[in-house]
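Look at the charged side chains in this structure. Where do they pair up, and how well are they covered?

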Amino acid sequence: MKISILILVLLSSSNLYSQNSRDEFDVFLLPQGYGVKLLSSTGTSSIINDISNLGFMNPASISGFDNYTAGLSYQLSSSIDEAYILSIGSSRIHNWYPQSFGGTVKWNNFTLGLGFGQKYNGTLDFGKIPVTTSSNPDGTGEFIEPVMESTIQTYSITAAYALKELFQTKDNLSFGIRFNLNRFHQKEELDKLNIKATALFSNVTIGLIYDLIYSDYRRLKLGLSYESNSKFKAEIEVHSQQLTPQIDSLPPTNLNPIKIYYTGETPAELRFDLAADITTNFLLYSNLTTVFWKTSNNNLKDQIEFSTGVTFNISEKFSTGIGLYYSDRKYQEDILRLNSKFEVLFLTTGLKYSLKFFYIDLSIADSHLISGEFREQTIGKLGLGVIF
């Protein structure tokens, strides 16, 4: 049963895919592969965060970074033995790639930023499958280990402008816009069969932040941003190591196989953020996001994500934070009873060490305490940054 479904998956014909037309199949991406994009020691706010997460933040937030700033992060995630039906697992790939990067330059009230981020990184792990034949129905003693890897990487450019003391008070209003160029890549291997598909696609994010300053140590920030959805269509390239021997006596033949495609879509997102300095060293933040998954040809509901937390300055060099991050994946018709298994509540925490021009940012998110069985995971992240 499992082998039959696996083969159909790799040939784009299984129940994990829906067929749009004769030559197009919707790619299947597990929610675990999206991770916690805004994770840092300061939590998961879209307006108060580390510069390395620039590509996922409210684009107006880059007005809050001083002078010339740059940051880089790496991420490790625990694998999930059972992330979907039939004991299909999931894990992260290419850990030597940065998870995110961001950098800004500022001219008076104008700020420009460049960013990179892994929007999706994950696999479908089927384990080792025994090879069977008609003469050895119980197995030949050999195994194949299928590979199915998917990534979506985002390259971005962000521009923001800040209007200071807009209403003749200590307040700022910042506007920002970001252009995102996304790259989808899928790799599949089954014994001697190799499949690859790649596509480039784009979308935009707009945002604004209102910053009300009560005193030198107390301020309130309100943020609103919207990221447009984006669709992609990737031509599938099929290669086999079992090549037909060349017969010299026959003339060369040009084959024109039928082209088939993976199609997919990253959803639109509407974010609302709040951050408030309660005391000199104590900050409270909150975020509410609507993710618009629902389309005319899928079975998904729109998704609500919520996060909240606090950060605390221990000293001039050390700061820490703790928070909660909730997400889910819900189907309109929950035939396989997956909705509760995809609910997840991460506990996030972190520590930041800062020198004059350099800092180290460590953060952890863990969901083993209260989450569905498909979402129990630990994520660790290391960020490095410079400020000039």
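Asp211 forms a salt bridge with Arg219. Their closest N and O atoms are 2.3 Å apart. A salt bridge here is a side-chain nitrogen of Lys or Arg within 4 Å of a carboxyl oxygen of Asp or Glu. Side chains of opposite charge can pair when their charged atoms come close.

This is a predicted model, in which local features need pLDDT of at least 70, side-chain atom pairs count only at pLDDT 80 or more, and totals for chains, interfaces and linings use all residues. Residues are numbered from 1 along each chain as its sequence is written, and side-chain values use heavy atoms, with hydrogens and water left out.

Is Asp211 buried or exposed? Asp211 counts as buried, because its relative accessibility is 5%. Buried means under 20% relative accessible area, exposed means over 50%, and partly exposed lies in between (1.4 Å probe, protein chains only). Arg219 has 32% relative accessibility, so Arg219 counts as partly exposed.

Now take Glu227 and Lys119. Their side chains meet in a salt bridge, at 3.1 Å from N to O. This pair links distant parts of the chain, 108 residues apart. Glu227 sits in strand E13 (residues 219-227), and Lys119 in strand E7 (residues 110-123). Strands (E) are DSSP runs of at least two residues, numbered from the N terminus. Both Glu227 and Lys119 are buried.

Next comes a network. Salt bridges link Lys37, Glu269 and Arg271. Between Glu269 and Arg271, the closest N and O atoms are 3.2 Å apart. Glu269 is buried, with a relative accessible area of 10%. Arg271 is buried too, at 9% relative accessibility.

How many salt bridges does a search of the whole structure find? The search finds 7.

Definitions and conventions
Helix = DSSP H or I, 4+ residues; strand = E, 2+ residues; numbered from the N terminus.
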